[in-house]
Amino acid sequence: MSRIQLKGVSKVFPTRSGASVAAVKDLDLVIEEGECFSFLGPSGCGKTTTLRMIAGFEDLSAGEIWLGDRAVSIKERNLYIPPEQRGLGMVFQSFAVWPHLNVFENVAFPLRVRDLPRTDIAEAVAQALRHTDLAGLEGTFPADLSGGQQQRIALARAIVTKPRVMLLDEPLSNLDPKLRESMRFEIKELQRKLNFTIVFVTHDQAEAMALSDRMLVMDLGKVQQADTPEALYNRPASRFVYGFLGLSNFTDVELRGGDLYVPGSKYPLPMELPAGAAREGVMATRPNEITLSPKDEGGCPAVVVKRLYLTYCIEYQARVGDQTLRVHCPHSIVLEEGRPCFLRFKNPRWYPRESGRAEIERNERQVI
Ligand code: ADP
Ligand code: MG
């Protein structure tokens, strides 16, 4: 019943200069009932627009959206069901709690506009407040509550109508890091108790990974890859996805006589030649998947150019040819700046070089 399906969904906005921006391009997607599904991508990639089209706050330029077996938006047929008839709960980044209403009235609002009997409202609000740990604060005004409590009001208001689907647009972005982490668990716990489907939007990869059953990485209005967090992390389909999911080195490499070299280095890289490797490409590595050793154990010769003491590791910046790589090592490895070292790579990946155009386009799409 609460399966969400998008078929060929696009959204084009006119811009002030008279041009247009393709906020979302030809999106096909199925979100299964009961899933926690995240949209992840940089600012301007089209996450909010997609969520607003699912919610019904935004018309489509093309395509269809279905909730279960019910069509809620079909551009071709001019079919459009308004948000209040879609049975969805929504929480935004700006908590959007009403400052002039106390906690009870904030949460009761969606029920009041439906004209429900008083006793039903009181019961539903009491239940929503219990689920969000706000019981006892009914008469308090938002200004007297912490940021976390205010965000819980927004959550309580979203669940009070018992929606089958919850749409959450960067709901934790305005909270401090510790609170963000605990709120993640509270959202998951609410889902476990109330059994709704979650569609979660974030630009924070750690948040998406911690919460999601599956997630979709988006760039420039297009799907890059959709899968489980583990599959995305271990098998990123593109350089963009690789770079978005964790710390990364992108090192220019070139193919010479059947081996890969870093430009300016005369030592071949100790890695197998990837399928489809062209004359020039990029080797992607994670700083914690490189081993740095003072001894030559079959590694790639490098020089330590910088050492930074970090909480969980020491970061060495190591120079190979004309490229610098970040390497995260245990604190037990001590090497002075300027010393030679040897690098070995676990799970290196090869990608084609990206033209600078995509980066320019990304910057142009940023929403200020
Ligand atoms: P995200 O949520 O991923 O940061 P958005 O969906 O908000 O991205 O925006 C995607 C693109 O669409 C951006 O380039 C943004 O400037 C543009 N955009 C979003 N909403 C509007 C609007 N109402 N009018 C014009 N352009 C918009
Ligand atoms: Mg957004």
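Tutor: Start at the ligand. Around ligand 1 there are 14 residues, and the closest are Gly44, Gly46, Lys47, Thr48 and Thr49. The model is predicted: local features need pLDDT of at least 70, side-chain atom pairs count only at pLDDT 80 or more, and totals for chains, interfaces and linings use all residues. Residues are numbered from 1 along each chain as its sequence is written, chains are lettered from A and ligands numbered from 1 in the order in which they are written, and side-chain values use heavy atoms, with hydrogens and water left out.

Student: What makes a residue near a molecule?

Tutor: One of its heavy atoms must lie within 4 Å of the molecule.

Student: What makes the pair formed by Thr48 and ligand 1 a polar contact?

Tutor: A polar contact is a pair of N or O atoms within 3.5 Å; within protein, one must be able to donate a hydrogen and the other to accept it, and residues adjacent in sequence count only if both atoms are side-chain atoms. A polar side-chain atom of Thr48 is 2.8 Å from an oxygen of ligand 1, so the pair passes. The side chain of Lys47 has an N or O atom 2.9 Å from a ligand 1 oxygen. Gly46 uses a polar backbone atom, at 3.0 Å from an oxygen of ligand 1.

Student: How much of ligand 1 does the protein bury?

Tutor: The protein buries 72% of the 560 Å² that ligand 1 exposes when taken alone. Accessible areas come from the Shrake-Rupley method with a 1.4 Å probe; for residues, only the protein chains shown count as cover.

Student: Which element gives the most to the shell around ligand 1?

Tutor: H1 does, with three residues. Strand E1 (4-14), strand E2 (20-31) and helix H1 (47-55) each supply at least two. Helices (H or I, at least four residues) and strands (E, at least two) are DSSP runs, numbered from the N terminus.

Student: Why is the pair Glu33 and Arg164 called a salt bridge?

Tutor: The term needs a side-chain nitrogen of Lys or Arg within 4 Å of a carboxyl oxygen of Asp or Glu. Here the closest N and O atoms are 4.0 Å apart, and the pair counts as a salt bridge. Glu33 sits in the loop between E2 and strand E3 (36-40), and Arg164 in the loop between helix H4 (147-159) and strand E8 (165-169), so the bridge ties together parts 131 residues apart in sequence.

Student: How many salt bridges does a search of the whole structure find?

Tutor: It finds 18. Among them, Glu186 pairs with Arg152 at 2.8 Å between the closest N and O atoms. Glu186 lies in helix H5 (residues 177-194) and Arg152 in helix H4, so parts 34 residues apart in sequence are tied together.

Student: Is Arg152 buried or exposed?

Tutor: Buried means under 20% relative accessible area, exposed over 50%, partly exposed in between (1.4 Å probe, protein chains only). Arg152 has 13%, so it is buried. Glu186 has 28%, so Glu186 is partly exposed.

Student: Why does Val113 count as exposed?

Tutor: Its relative accessibility is 59%, so Val113 is exposed. Val113 is in the loop between helix H2 (103-112) and helix H3 (118-131).

Student: What makes Trp98, Phe109 and Val113 a patch?

Tutor: Patches take residues with over 30% relative accessible area and no salt bridge; like charges are joined within 9 Å, nonpolar side chains (Val, Leu, Ile, Met, Phe, Trp, Tyr) within 5 Å. These three form a nonpolar surface patch, with about 270 Å² of accessible area together.
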